[in-house]
Amino acid sequence: MNIILLAPPAAGKGTQAELIVSKYQVKHISTGALLRKSLKQEDSISKEIREIMKAGKLVSDQIILELIEKEMDTAKEGVVLDGFPRNRVQAIEYEQLLQKLGQKVDAVLYLSIPKEVAKKRILARRTCPNCGKIYNMQIEEMLEELCGSCHTSLVSREDDNEETFDLRYETYMRETNPLISFYQEKGLLIEIDASLKKEEVFEVIEQKLRMLN
Ligand code: ADP
């Protein structure tokens, strides 16, 4: 099964992707996480990518497509894509890549959320720099901000601030939002209210995926 998660920043793509892989036989591919991992090297390309991400812009299609192609090599059972495709070029290239692999997109889950709700989530989001687990400080009751899995001190992502959020949202509206009609026309789009609690959102996702079979 090949699933795409399409959503504005902070709608919960990463969280829902983790829940999906815990239940279905699919591999989670997060382009944002892959990029952040690659930033640990201190070369000139990493510096360039870091600046682009801090400015809320999109990293070049070529870099992203190379990442995806490599990841798809080890995803024989299917994938849940989180953060890709993010524009029309990427969507078309992905279709062609799947065709080469003899596969297709099964569903595009559009997680919809009002901008202000997403912004509040971004400001409350903490991530574990070691294992990547995501926390929401509006919900979690924690005395110390330590990862529940590996006890590392949690951090705010470099792009999780109000200014970068606004820029990311603008980029989303301009580049990614048009993919809603792109996939609607193909009959693949499933809209899901992502302003509910994460467990409730996942329940709806499960219902919708059940209807596909
Ligand atoms: P969010 O979805 O919460 O905005 P991500 O972790 O998915 O965050 O992405 C963080 C940043 O990584 C984006 O703002 C962008 O700069 C870059 N990025 C991630 N995926 C892509 C992509 N498919 N194409 C171009 N840039 C990307």
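I began with Met53, which lies in helix α3; helices (H or I, at least four residues) and strands (E, at least two) are DSSP runs, numbered from the N terminus. I note that this is a predicted model, in which local features need pLDDT of at least 70 and side-chain atom pairs count only at pLDDT 80 or more, while totals for chains, interfaces and linings use all residues. Residues are numbered from 1 along each chain as its sequence is written, and side-chain values use heavy atoms, with hydrogens and water left out.

**Entry 1: Met53.** I looked up the accessibility of Met53 and found it buried, because its relative accessibility is 12% (buried means under 20% relative accessible area, exposed over 50%, partly exposed in between, with a 1.4 Å probe and protein chains only). Setting aside residues up to four places away in sequence, I listed Gly32, Leu35, Arg36, Leu39, Val59, Asp159 and Thr164 as touching Met53 (contact means heavy atoms within 4.5 Å). I also checked Thr164, which is 111 residues from Met53 along the chain; their C-alpha atoms are separated by 8.6 Å.

**Entry 2: Asp160.** I located Asp160 in the loop between β6 (134–136) and α7 (162–176). Asp160 counts as buried because its relative accessibility is 7%. I found a polar contact of 3.1 Å between the side chains of Asp160 and Arg168 (a pair of N or O atoms within 3.5 Å; within protein, one must be able to donate a hydrogen and the other to accept it, and residues adjacent in sequence count only if both atoms are side-chain atoms). Beyond four places in sequence, Asp160 is in contact with Ile122, Leu123, Arg125 and Arg168.

**Entry 3: the ligand.** I then turned to Arg168 again: an N or O atom of its side chain is 2.8 Å from an oxygen atom of the ligand. For Arg36, the corresponding side-chain distance to a ligand oxygen is 3.0 Å. A polar backbone atom of Lys57 is 2.6 Å from an oxygen atom of the ligand. I recorded 20 residues around the ligand, the closest being Lys13, Thr31, Lys57, Gly83 and Arg168 (a residue counts if one of its heavy atoms lies within 4 Å). Helix α2 gives the largest share of this shell, four residues.
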